[in-house]
Amino acid sequence: MKKALSIVLTLLFIMVLSAGCNSQSATQSATTNKEFKLGELTDAKTMVVNKDKKEIQILAEVNGKYLTESTRHGVVFKDGTNGEKSVLRGLANQFDFYNALIEIGAKPGNNISLDDMKKAEKSVEGSKLNVFVTWNGLGKEIPFSDILKATEKRPMDIRFGGNLENATNLKTGCILCLDSCAVGIASDAAFKANELEIKKQVKITGNPDVLPKDGTKVAVIFRLAD
């Protein structure tokens, strides 16, 4: 009789323990599987195009390396050959971004050649874009220039450079360059073609006093000016 009672109690203990483990596992799974969301952007939807607002939002994440090291890359698609060289690692690709700009009515400049990148003389042309950044908990949009720290401040003048052919051939993933560029889909006309790399007079990093920690996901918002 005692032996039978012992077996029953042992079985009950195993059942209770198993139920507890399953409950904990289900909770952990639910936490792990919870999809990231930032406005309309999610892990599965890394770009949102609003033709009425002439606006494109792309999901990106902070690359902590460039909170201390200088770079000429603002946003680069993570799978491009320059994917680890930018302040923000883009989670949408450069080709979808190019097509989205065309969709909202932006006109590409296509005025910088690869040879121009050796001279630092020309500025990128094309439709002007106003660019902002936000992230969960910030509660507002801030200008893209606010997330940068430069040894020489110049007002950003971001243009739709175009460059689809070079972007396709070179596969750099460049979405937004910090000086005029023959490959980036958009770039900053405030600096001449490849000026940051050639002249090395100005150094630009991410601003650690403004940006959240490494790996934080942010929304980069491009609006067609005018």
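The model I am reading is a predicted one.

**Whole chain.** I took the contacts between residues at least 6 apart in sequence and found that 69% of them join residues at least 24 apart. I then listed the secondary structure and got 14 strands and four helices. The chain has 226 residues, and 46% of them count as buried. For the accessible surface I noted about 11,900 Å², with 53% belonging to carbon and sulfur atoms.

**Strand β6.** I asked how many of its residues are buried. I found five of five, so I put β6 down as mostly covered.

I looked up its pairing on either side. With β4, residues 55–62, β6 pairs in the antiparallel sense over three bridges. In that context I noted E61, whose bridge partner in β6 is R89. With β5, residues 73–77, the pairing is parallel and runs over four bridges. Here I noted H73, which has S86 of β6 as its bridge partner.

**Residue S86.** Is S86 buried or exposed? I read a relative accessible area of 0%; the cut-off for buried is under 20%, so S86 is buried. Leaving out residues up to four places away in sequence, I listed what S86 touches: N63, Y66, T71, H73, G74, V75 and V76.

**Helix α2.** I then moved to α2, residues 94–103. Which residues of α2 are buried? I wrote down Q94, F97, Y98, A100 and L101. Seen down the axis of α2, these buried residues fall within an arc of 165°, so they line one face of the helix.

At the N-terminal end I found N93 as the cap, with a side-chain oxygen 2.8 Å from the backbone nitrogen of F95. After the helix comes G105, and I noted its phi as positive, near 100°.

Definitions and conventions. Residues are numbered from 1 along each chain as its sequence is written. This is a predicted model: local features need pLDDT of at least 70, side-chain atom pairs count only at pLDDT 80 or more; totals for chains, interfaces and linings use all residues. Side-chain values use heavy atoms; hydrogens and water are left out. Helices (H or I, at least four residues) and strands (E, at least two) are DSSP runs, numbered from the N terminus. Buried means under 20% relative accessible area, exposed over 50%, partly exposed in between (1.4 Å probe, protein chains only). Contact means heavy atoms within 4.5 Å. Accessible areas come from the Shrake-Rupley method with a 1.4 Å probe; for residues, only the protein chains shown count as cover. The arc is that of the directions from the helix axis to the C-beta atoms. A polar contact is a pair of N or O atoms within 3.5 Å; within protein, one must be able to donate a hydrogen and the other to accept it, and residues adjacent in sequence count only if both atoms are side-chain atoms. Two strands pair if DSSP finds at least two bridges between them.
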